[in-house]
Amino acid sequence: MLTRRHFQTLAAAACGVTASGLASAADTPFDGIWTGLLSAGAVRLTLRLEIRGQTVTLISVDQGNARIPATSVDIEDEHIKLSFKSIKASFSGALTSERHIDGTFTQGAPLPLRFTKGDKAEALPPPVVAPLTREVLNDKRLAAYTPGMVAAWASGFASDVLADGARSSGDEISVQPQDQWHWGSITKSMTATLCGRLIDKGVLSWSTTVGDVLGKPDGRVPEPFRQASLLHLLSHKAGLQANLDLMNFVFFTRDALTDPREERLKWALTALKQKPVGPLGAQHLYSNNGYIIAGAMLEVLTNKPWEALIEAEVFTPLGLKSAGFGAPGHFRQSDQPLGHLVQGHNRKPVEAGPGVSNDNPVALGPAGRVHMSAPDMLLYLQAHLNQPSGFLKAETWDTLHKAHFGDSYALGWVIRDDGTLWHNGSNMMWYGEVLIDQRNKTVACVCANDAAPDTQLAVSGLLASANAAAVSSKGDG
């Protein structure tokens, strides 16, 4: 899957770039304005091509009409190949009718893209999705050079968990259905769920502000963030930077801490001193900082670490016995899958255990450090699907699944155009996606132990296949 960072790269590279014409040539069948919709998971961009002979400009409509000139143009009969060096992207396609150019846009990962003549985008027909089988999983994993993958689905009382590949590229011990996987930012919805539990208990409210909780002593929270509410933080609408700068990372440990509260509060206060990206509530900027600050607020209010709180309030009540924090497994053992660094088609395993940079700093826990097995992830997703009243009040479930600021982001969930709830997660050594399909009453999850672009694309495809299998199981019954 093409992730947000790829789209941000496109926008950043385009800043300050002006259209510079290549040598003109005779008119071609491609001359004119073409508009396409690039879709990757929950992220969508409208792209436009201006073609005049051999002069081609790509326009990112949703990113300020940023203009990116093609650095190479190859048009032959009904085929066109374009490259855009400044954003490390390319497009290869063909005229399939007078109105359509169908092809592939590649920027890290290849994605299908249809350009339609004129200024209105028209999406490609929905792909035919093969339901998940062992063969489908194996084929996708091998094509992506991924060491190991797990894919799972549940529909009512029916479910299936398929694991394929190896725990490590170094020893080839097979992954198992009960193995633990790192789910990265899928942790965010769990932190929001924890907030819901504590709100139902009267510990705080959705309108509790950063200044209310972290503002003592006076002046510790800068004015731009004092009125940022819990709802702002969990919706990525607090005006916070996405992360701390890399220079700050060296001051935070990655090894397990008995009590991480001091480090988490330090991270939160450092993030609050960064320059706002915009006024409160005005801009959606996906921010790990917001969830870390929310976690620090819960810790101050309860005098308990976030880890203890989420275990007591979410993992234990939902029966998520495999849930834990950081990279799964033990030092110098192959008892769980290992995360992998990407080196071309090679994958380098990263050991579990202390003293190894195998995950983000512990302070980042509320934003993305949970691991658990796929069966337990299905239990978690089914709780959000079935919304048991004994776990959360009905209005609290509604609040978790609702976008509150006019966009498509709820509290730890992306609301897709079809109404499904989706999220992905990665610490750059793992990659996972989850899906809740309320209309069909199904849930699905997929995870891999590397995060290469091809792996991300494979995980996205397998998630659709897993949900297709869940939906088809209802007919089989």
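Predicted model: local features only at pLDDT ≥ 70, side-chain atom pairs only at ≥ 80, totals over all residues.
**Helices H3 and H10**

Helix H3 spans residues 187–200, and helix H10 spans residues 306–318. They pack at an angle of about 85 degrees. Their axes lie 10 Å apart. Angles of 65 to 115 degrees count as roughly perpendicular, and H3 and H10 are therefore roughly perpendicular to each other. The residues that make the contact are tabulated here.

| Helix | Residues in the contact |
|---|---|
| H3 | Thr187, Met190, Thr191, Thr193, Leu194, Arg197, Leu198 |
| H10 | Trp306, Leu309, Ile310, Glu313, Val314, Phe315, Pro317 |

By class, nine residues of this contact are nonpolar, three are polar and two are charged.

**Asn289**

Asn289 sits in helix H9, residues 288–302. Is Asn289 buried or exposed? Its relative accessibility is 0%, so Asn289 counts as buried. A polar atom of the Asn289 side chain lies 3.4 Å from the backbone oxygen of Asn243. Neighbours within four places in sequence aside, Asn289 contacts Leu240, Gln241, Ala242, Asn243, Leu244, Trp267, Ala271 and Gln274.

**Helix H2**

Helix H2 runs over residues 134–144. Its buried residues are Val136, Leu137, Arg141 and Ala144. Viewed down the axis of H2, these fall within an arc of 125 degrees, so they line one face of the helix. The face turned away from the buried side carries exposed Arg134, Glu135, Asp139 and Ala143. Tyr145 follows H2, and its phi is positive, near 60 degrees.

Key: Residues numbered from 1 in each chain as written. Heavy atoms only, no water. Axes fitted to C-alpha atoms, helices over the stretch in contact; angles between N-to-C directions. Helix = DSSP H or I, 4+ residues; strand = E, 2+ residues; numbered from the N terminus. Parallel < 35°, antiparallel > 145°, perpendicular 65-115°, else oblique. Contact = heavy atoms within 4.5 Å. Nonpolar A, V, L, I, M, F, W, Y, C, P; charged D, E, K, R; others polar. Buried < 20%, exposed > 50% of the residue type's maximum accessible area, 1.4 Å probe, protein only. Polar contact = N/O pair within 3.5 Å; in protein donor to acceptor, adjacent residues only side chain to side chain. Arc of directions from axis to C-beta.
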